[in-house]
Amino acid sequence: MYTQAMDLPGQGTGPQPVEASADDAAALARQAQFDARIDHDHKIEPRDWMPEAYRRTLVRQISQHAHSEVVGMLPEGNWITRAPSLRRKAILLAKVQDEGGHGLYLYSAAETLGVSRDDMIAALLSGKAKYSSIFNYPTLSWADMGCIGWLVDGAAIMNQIPLCRCSYGPYARAMIRICKEESFHQRQGYELMLALCNGTPEQKAMAQEAFDRWWWPVVMMFGPSDKDSIHSAQTMQWGIKRISNDDLRQKFIDATVPQAELLGLQIPDPDLKWNEQTGHYDYGAIDWDEFWRVVNGDGPCNRERLETRRRAHENGAWVREAALVYARKQAARRQREAA
Ligand SMILES: [Fe+2]
Ligand SMILES: [Fe+2]
């Protein structure tokens, strides 16, 4: 998922700018055309007119989503060299590589809205742009690879499936492919957990310990509760967001509890219980102080993650320079041949 930051305060889209005076018939017609497309569930494409606030909201959401994919490579990248078998290493490598690919599709989708990739990356590296708080937690054991795939990618799917129907065409199309890959990520994580839970008592204990650490941060991944979610109403109206944070969270918990039971894992929430009346699981209070602390930069790994990204960006400078020189040479050659 990784789109929780769209609901955070301090990054508001602000009031929609007045496009023209009320008697400007052309402006009114453009707005009416846009509204009609949204109402009819038609896609908005890059060359279509769109309200500035809609464009800015999408830039913020898609770029934060892209950053989350790229920063999300770090917690798992930490374990590639320590995977316990060649098979597990190949799976983890492929998964982490997929996340890099997701970042690239999403940066490309955001670029269709008129922002440059350089600016988006600069905002990430300066700490100005947000990314999903889940990646600011450490990966302490091999079982964390299972928990991330099963739970973090599982939560991502829950959040991203509705985005395949997002009103902005390039974002919706990127999400279709991403969701297919996320489904493989979720399955490989669950299969890893299954192997640990069916293994030795030490392996089972390792799985439970990791699950205890990840459960609540994953439940928080869906973002602030609906009553504190400041952009939700507008993004729903624009057809960017389709299901509320709390509804998605409930869907995730309802789907995950039976999976945990199958693994024989205890859910670290004494208040969790099936509610016959609502047909859903009730769950305990979320520690929103922890959520805001991590979102605002004070999680266990915030500084480390950004530092690693900055180093990677600096170390990759020669690749970008070489690619530019190569592109210029190719263009010059084409010009010469055409002359
Ligand atoms: Fe991803
Ligand atoms: Fe993933």
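**Figure 1. The crossing of helices H6 and H7 is left-handed (the near helix is turned anticlockwise from the far one by less than a right angle).** H6 and H7 pack at about 145 degrees, and 7 Å separates their axes (lines fitted to C-alpha atoms over the stretch in contact, with angles from 0 to 180 degrees between N-to-C directions). The contact residues of this pair comprise 12 nonpolar, nine polar and two charged (Ala, Val, Leu, Ile, Met, Phe, Trp, Tyr, Cys and Pro are nonpolar; Asp, Glu, Lys and Arg are charged; the others, including Gly, are polar). The model is predicted: local features need pLDDT of at least 70 and side-chain atom pairs 80 or more, while totals for chains, interfaces and linings use all residues. Residues are numbered from 1 along each chain, chains are lettered from A and ligands numbered from 1 in written order, and side-chain values use heavy atoms, without hydrogens and water.

**Figure 2. Helix H2 (residues 52–71) packs against helix H7 (residues 169–197) at an angle of about 25 degrees.** Helices are DSSP runs (H or I, at least four residues) numbered from the N terminus. The axes of H2 and H7 lie 13 Å apart, and the crossing of this pair is left-handed. H2 supplies Leu58, Gln61, Ile62, His65 and Glu69 to the contact, and H7 supplies Tyr171, Met175, Ile178 and Glu182 (contact: heavy atoms within 4.5 Å). By type, the residues in the contact of H2 with H7 are five nonpolar, two polar and two charged.

**Figure 3. The iron ion (ligand 1) has Glu69 (OE), Glu99 (OE), His102 (ND1) and Glu182 (OE) as its protein donors.** Donors are N, O and S atoms within 2.8 Å of the metal; water is not among the atoms, so sites may look incomplete. The donors of the iron ion (ligand 1) lie 2.0 to 2.2 Å from it. Along the sequence, the donor residues follow the spacing E-x29-E-x2-H-x79-E. The four donor atoms subtend angles of 86 to 141 degrees around the iron ion (ligand 1). Distant parts of the chain are linked by the pair His102, in helix H4 (residues 86–111), and Glu182, in helix H7, which are 80 residues apart.

**Figure 4. The iron ion (ligand 2) lies 3.3 Å from the iron ion (ligand 1), and Glu99 bridges the two.** The protein donors of the iron ion (ligand 2) are Glu99 (OE), Asp153 (OD), Glu182 (OE) and His185 (ND1), at 1.9 to 2.2 Å from it. Their spacing along the chain is E-x53-D-x28-E-x2-H. Angles among the four donor atoms of the iron ion (ligand 2) run from 88 to 162 degrees. Asp153 in helix H6 (residues 143–160) and Glu182 in helix H7 form a pair that links distant parts of the chain, 29 residues apart.

**Figure 5. Helices H7 and H8 (residues 201–220) pack at an angle of about 135 degrees.** Their axes are 7 Å apart. Met193, Leu196 and Cys197 of H7 meet Gln203, Lys204 and Ala207 of H8 in this contact. Of the residues in the contact of H7 with H8, four are nonpolar, one is polar and one is charged.

Notes. Helices (H or I, at least four residues) and strands (E, at least two) are DSSP runs, numbered from the N terminus. Donors are N, O and S atoms within 2.8 Å of the metal (3.2 Å for Na, K and Ca); water is not among the atoms, so sites may look incomplete. Four donors count as tetrahedral if all angles lie between 85 and 135 degrees; four count as square planar and six as octahedral if opposite donors are over 155 degrees apart and all others between 65 and 115; anything else is irregular.
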